[in-house]
Amino acid sequence: MLDANLSRWLEAHAEPLDRGEHDAENVLPQLAASGLLGLGVSESLGGAGGTTLDAVDAVAEVATYSLTSAFVLWGQRSFIEYLLVSDNAGLRERLLGDLLAGRVAGATGLSNAMKFLSGIEQLGVCAQEEQNGWRLNGRMPWVTNLRKGGYVVAAAIDLPGREPFVAALPGELTGLQRSDDLQLIGMQSSNTAALDVRDVQLDRDWLLGENARSYLGQVRPAFLGLQCGMSIGLARRALAEARRNLDFRRSVLEDEFQRVSDQLASAEAQLKQGLADGRFVGQPAAMFHVRIALAESVAEAIQLELQTSGGKAYLQAHGEGFARRLRESAFVPVITPSLVQLKTELQRLANA
């Protein structure tokens, strides 16, 4: 799926992107130039056609090279999905072209909102209604793809006495204050930062969804499905490295390799079937189980890569790619919704 130029660029820059040694501003233009941002977007809207499954495949392909770049692609494509689901055609018309071209970064900003949807935490941004919109205050502690060259961020917003809503906040609004990039142990060039919202005035024409619970329920399958693409790609790459390492001295691992490969293929098939038939909208627990299974596949695939490599993986001259994938794999269980949050929600649903 990936064109040769993008594949070469990702392979060459995976390490510096992970360490923050390559300018994070370059990631989005590279993804846009390859046409990936328009996958699953109707041609009538300026996209490349296809379905969300094509976008999931793209995230997975990018993740085989660089989880940092896949993380950025997930954020951008998720925001595009928010516009596609929204009833606000004017906002879609205003923003979509720049998002598809990579001129503006789309920051998902809904990690806190997805926790809210599951009853895990309260919304971090609160609104006071005004004549032509709202005055906003609060904080978003972890937002990816806050590109310094220009961004728009989605936020679920509490409105006391009314239903929470979801809106897009353009980065140029007075009162939005982006922190320095968070100091992550990897994936540093992903433009991940905190965002303070201080007395921000927002007009009503930036509304994405009037009812946050209903709107978030609609976008959650794509939000999580695209996120699962990151796990699929990382697990595929680790298994490919393990396959190359397998030889007669480590043939004892053949059965385990096949088990993990089959487990990954099964979870991927369940993900794509659920996205295709729409069941995840009404059955979020089914999707949570898939997300957990894919995370487990990543962990097992990384361990297989280590075991088939042996001590070579611990030598800097040989193990740089493995060390990066190990750091990347540590992110999979904690990205929102984290595995602990998902398991907590599944337990709550089982006891309900």
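These legends cover the whole chain and two residue close-ups of a predicted model. Local features need pLDDT of at least 70, and side-chain atom pairs count only at pLDDT 80 or more, while totals for chains, interfaces and linings use all residues. Residues are numbered from 1 along each chain as its sequence is written, and side-chain values use heavy atoms, with hydrogens and water left out.

**View 1. The protein chain holds twelve helices and eight strands.** Helices (H or I, at least four residues) and strands (E, at least two) are DSSP runs, numbered from the N terminus. The C-alpha atoms fill a box of roughly 75 × 45 × 40 Å along the principal axes. Buried residues (under 20% relative accessible area, 1.4 Å probe, protein chains only) make up 56% of the 352 residues.

**View 2. Arg220 sits in helix α7 (residues 212-245).** Arg220 is buried but has no salt bridge. That term requires a side-chain nitrogen of Lys or Arg within 4 Å of a carboxyl oxygen of Asp or Glu. Glu345, the nearest side chain of opposite charge, is 6.0 Å away. Contacts (heavy atoms within 4.5 Å) of Arg220 beyond four places in sequence include Met114, Leu117, Pro284 and Phe288.

**View 3. His22 lies in the loop between α1 (4-19) and α2 (27-33).** His22 is buried, at 18% relative accessible area. Its side chain makes a polar contact of 3.2 Å with that of Asn26. Such a contact is a pair of N or O atoms within 3.5 Å; within protein, one must be able to donate a hydrogen and the other to accept it, and residues adjacent in sequence count only if both atoms are side-chain atoms. Setting aside residues up to four places away in sequence, His22 touches Trp9, His13, Pro16, Leu17 and Ser189.

Notes
Buried < 20%, exposed > 50% of the residue type's maximum accessible area, 1.4 Å probe, protein only. Lys, Arg positive; Asp, Glu negative; His and termini not counted.
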